Amino acid sequence: MMEEYTTRSPEETEAVAASLAACLTGGNVVALYGGLGMGKTAFVRGLAAGRGLAAEVSSPTFALVHEYGGQPPLVHFDMYRVEGWDDLDTTGYFDYLSAGAILAVEWSERIEKALPAEAIRVRFERLGDSERRITIEGGEQEGGGKR
């Protein structure tokens with residue numbers, strides 16, 4: 001399954017994410033791909049809003065992980081500085097994954113081999129100063145269900 005959106009502001013990016021958030025369940029991984037300033041953190045802000053969370057969402061660049069609460073919890077990772085399996089393990093990624101959290105992972109290209117096959121992949125492409133193409137693919141659940 002693949003969906004494509006064009007957004008022209010952070011608010012439009014958040015709205016796309018909020019609609020996706022309604023379909024997420026525990027254990028889902030939302031893998032975000034795209035360079036600096038592409039809207040990945042705005043997308044996670046929309047996921048949090050769509051899950052009814054009043055969290056202040058910011059990029060976890062230095063902390064590597066932020067947990068925003070909820071049931072199941074929404075956990076936000078920044079993998080930009082992750083250099084290998086040992087680094088990845090210290091972020092708690094595998095623990096949160098096995099605990100059934102919803103994971104939003106910035107810089108997913110850095111941990112591609114650790115992503116579940118059924119991860120929802122969200123790719124950001126710059127079309128203009130504030131215009132983005134957002135492509136969402138995957139999300140097939142076990143048993144043939146779709147998101």
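Strand β2 (residues 29–33) runs parallel to strand β5 (residues 102–106), and 3 bridges join the two. Helices and strands are named here from DSSP runs, numbered from the N terminus, with at least four residues of H or I for a helix and at least two of E for a strand. Two strands count as paired if DSSP finds at least two bridges between them. Strands of a sheet pair through backbone hydrogen bonds, in either a parallel or an antiparallel manner.

This is a predicted model, in which local features need pLDDT of at least 70 and side-chain atom pairs count only at pLDDT 80 or more, while totals for chains, interfaces and linings use all residues. Residues are numbered from 1 along each chain as its sequence is written, and side-chain values use heavy atoms, with hydrogens and water left out.

How many residues of strand β2 are buried? The count is 5 of the 5, so the strand is largely enclosed by the rest of the structure. Buried means under 20% relative accessible area, exposed means over 50%, and partly exposed lies in between (1.4 Å probe, protein chains only). Val-29, Ala-31 and Tyr-33 point one way from β2, Val-30 and Leu-32 point the other way, and all are buried. In a regular strand the side chains alternate between the two faces of the sheet.

The sheet can now be taken as a whole. It is open, has 7 strands in the order β1-β7-β6-β2-β5-β4-β3, and shows mixed pairing. Its edge strands are β1 and β3 (65–67), each of which pairs on one side only. From one strand to the next the twist averages 15 degrees. Such angles run from 0 to 180 degrees between N-to-C directions, with axes fitted as lines to C-alpha atoms, for helices over the stretch in contact.

Two helices lie across this sheet. Helix α1 lies across β1, β2, β6 and β7, at about 155 degrees to β1. Helix α2 lies across β2, β4, β5, β6 and β7, running at about 155 degrees to β2. Contact means heavy atoms within 4.5 Å.

Thr-7 belongs to strand β1 (residues 2–7). This residue is buried, with a relative accessible area of 1%. Leaving aside neighbours within four places in sequence, Thr-7 is in contact with Glu-12, Thr-13, Val-16, Ser-130, Glu-131, Arg-132 and Ile-134. With Thr-13 there is also a polar contact between side chains, at 2.9 Å. A polar contact is a pair of N or O atoms within 3.5 Å; within protein, one must be able to donate a hydrogen and the other to accept it, and residues adjacent in sequence count only if both atoms are side-chain atoms.

Charged pairs come next. The structure holds 7 salt bridges, a salt bridge being a side-chain nitrogen of Lys or Arg within 4 Å of a carboxyl oxygen of Asp or Glu. Glu-14 forms one with Arg-45, with the closest N and O atoms 2.8 Å apart. This pair links distant parts of the chain, with Glu-14 in helix α1 (residues 10–21) and Arg-45 in helix α2 (residues 40–50), 31 residues apart. Arg-45 is partly exposed at 31% relative accessibility.

Glu-83 and Arg-110 meet in another salt bridge (3.5 Å, N to O). Glu-83 sits in the loop between β4 (74–78) and α3 (85–90), Arg-110 in the loop between β5 and β6, 27 residues apart. Glu-83 is exposed at 65% relative accessible area, whereas Arg-110 is partly exposed at 40%. Glu-4, Glu-125 and Arg-133 are linked in a network of salt bridges.

Buried residues make up 44% of the 147 residues.
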